[in-house]
Amino acid sequence: DGKLDSVFGNNGLVSINRAHGQKARGMTITSQGKILLAIESYNGLNTDIGLLQLLDNGAPDLDFGINGMLLFDLFGKQEIPTSILQLPDNKILLSGETFTTYSQPTPIAIRILEDGIIDESFGNKGITEISIGLDGYGRTTNCDRNKKGIYLSGYSIENPSGAPENR
């Protein structure tokens with residue numbers, strides 16, 4: 001009927017009052033009915049990538065991470081999530097990008113175990129960086145999977161002159 005679910009959160013709305021300019025950048029519903037959000041969080045120096053898990057009533061899942069939140073400062077750079085997916089084995093695939101103030105974004109994929117630990121059997125200790133060359137930049141916009149593998153979609157832009165772009 002298009003109406004808010006009054007038993008979810010506060011009359012159908014959940015406001016996450018978190019510090020450090022946190023933003024939800026993606027969402028999925030887990031096989032257990034929990035809400036998993038891909039989070040960007042400013043740490044005072046740069047942005048980190050993370051997850052926030054909510055129960056089906058909108059309350060933080062206190063059994064996940066710290067008060068429902070996991071944050072990862074993967075490279076000491078900026079990390080921004082763009083998509084999230086729960087895989088059939090309940091592992092979590094988080095895609096996004098990493099960059100510094102002076103570099104172009106590089107697509108990344110992170111696989112996380114159901115309990116919130118990075119799955120070190122994936123890529124390089126749980127993380128895959130996807131190099132697309134020095135003269136452009138790439139961004140992931142979505143992730144999906146089937147029986148044959150994991151897929152990331154996105155785009156890249158290359159300067160016709162070959163010179164790095166100013167952003």
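**View 1. The largest nonpolar core of the predicted model.** In this predicted model, the largest nonpolar core has 16 residues. Leu-51, Leu-74, Leu-94 and Ile-110 are the members that touch the most others. At least two residues of this core come from each of S2, S3 (47–54), S4, S6 (92–99) and S7 (106–112). The largest contribution is that of S7, with 3 residues. Nonpolar side chains tend to be buried together in soluble globular proteins.

**View 2. Surroundings of Leu-94.** Leu-94 is one of the core residues that touch the most other members. Neighbours within four places in sequence are left out of the contacts given here. Leu-94 is then in contact with Ala-38, Ile-49, Gly-50, Leu-51, Pro-81, Ser-83 and Ile-84, and also with Ile-108, Ala-109, Ile-110 and Ile-112.

**View 3. Strand S7 and its partners.** Of the 7 residues of S7, 6 are buried, so the strand is largely enclosed by the rest of the structure. S7 pairs with S6 in the antiparallel sense over 7 bridges. S7 also pairs with S8 (residues 127–129), again antiparallel, over 3 bridges. Which residue of S7 is the bridge partner of Ser-95? That partner is Ala-109. Ala-109 in turn has Thr-128 in S8 as a bridge partner.

**View 4. The open sheet S1-S2-S3-S4.** Four strands form an open sheet in the order S1-S2-S3-S4, and their pairing is antiparallel. S1 (23–29) and S4 (69–72) are the edge strands; each has a single partner strand, so one side of each lacks a neighbour in the sheet. From one strand to the next, the twist averages 20°. The antiparallel pairing of S1 with S2 (residues 35–42) runs over 6 bridges. Thr-28 stands opposite Leu-36 of S2. In a regular strand, side chains alternate between the two faces of the sheet.

**View 5. Glu-114 in the loop between S7 and S8.** Glu-114 lies in the loop that links S7 and S8. Is Glu-114 buried or partly exposed? Its relative accessible area is 43%, so Glu-114 counts as partly exposed, since buried means under 20% and exposed over 50%. Residues up to four places away in sequence aside, Glu-114 touches Gln-32, Phe-64 and Asn-90. The side chains of Glu-114 and Gln-32 are joined by a polar contact of 3.1 Å. Glu-114 and Gln-86 are 28 residues apart along the chain, with 9.0 Å between their C-alpha atoms.

**View 6. Ile-150 in strand S10.** Ile-150 belongs to S10 (residues 149–158). Its relative accessibility of 35% makes Ile-150 partly exposed. In sequence, 57 residues separate Ile-150 from Leu-93, while the C-alpha to C-alpha distance between them is 8.8 Å.

**View 7. The whole chain, for orientation.** The protein has 0 helices and 10 strands, which gives the pattern β-β-β-β-β-β-β-β-β-β along the sequence. It has 167 residues, of which 40% count as buried. Among contacts between residues at least 6 apart in sequence, 39% join residues at least 24 apart. The accessible surface is about 9700 Å², and 50% of this area belongs to carbon and sulfur atoms.

How values were computed:
Residues are numbered from 1 along each chain as its sequence is written. This is a predicted model: local features need pLDDT of at least 70, side-chain atom pairs count only at pLDDT 80 or more; totals for chains, interfaces and linings use all residues. Side-chain values use heavy atoms; hydrogens and water are left out. Two strands pair if DSSP finds at least two bridges between them. Axes are lines fitted to C-alpha atoms, for helices over the stretch in contact, and angles run from 0 to 180 degrees between N-to-C directions. A nonpolar core is a set of buried Ala, Val, Leu, Ile, Met, Phe, Trp, Tyr and Cys residues joined through side-chain atoms within 4.5 Å. Buried means under 20% relative accessible area, exposed over 50%, partly exposed in between (1.4 Å probe, protein chains only). Contact means heavy atoms within 4.5 Å. A polar contact is a pair of N or O atoms within 3.5 Å; within protein, one must be able to donate a hydrogen and the other to accept it, and residues adjacent in sequence count only if both atoms are side-chain atoms. Accessible areas come from the Shrake-Rupley method with a 1.4 Å probe; for residues, only the protein chains shown count as cover.
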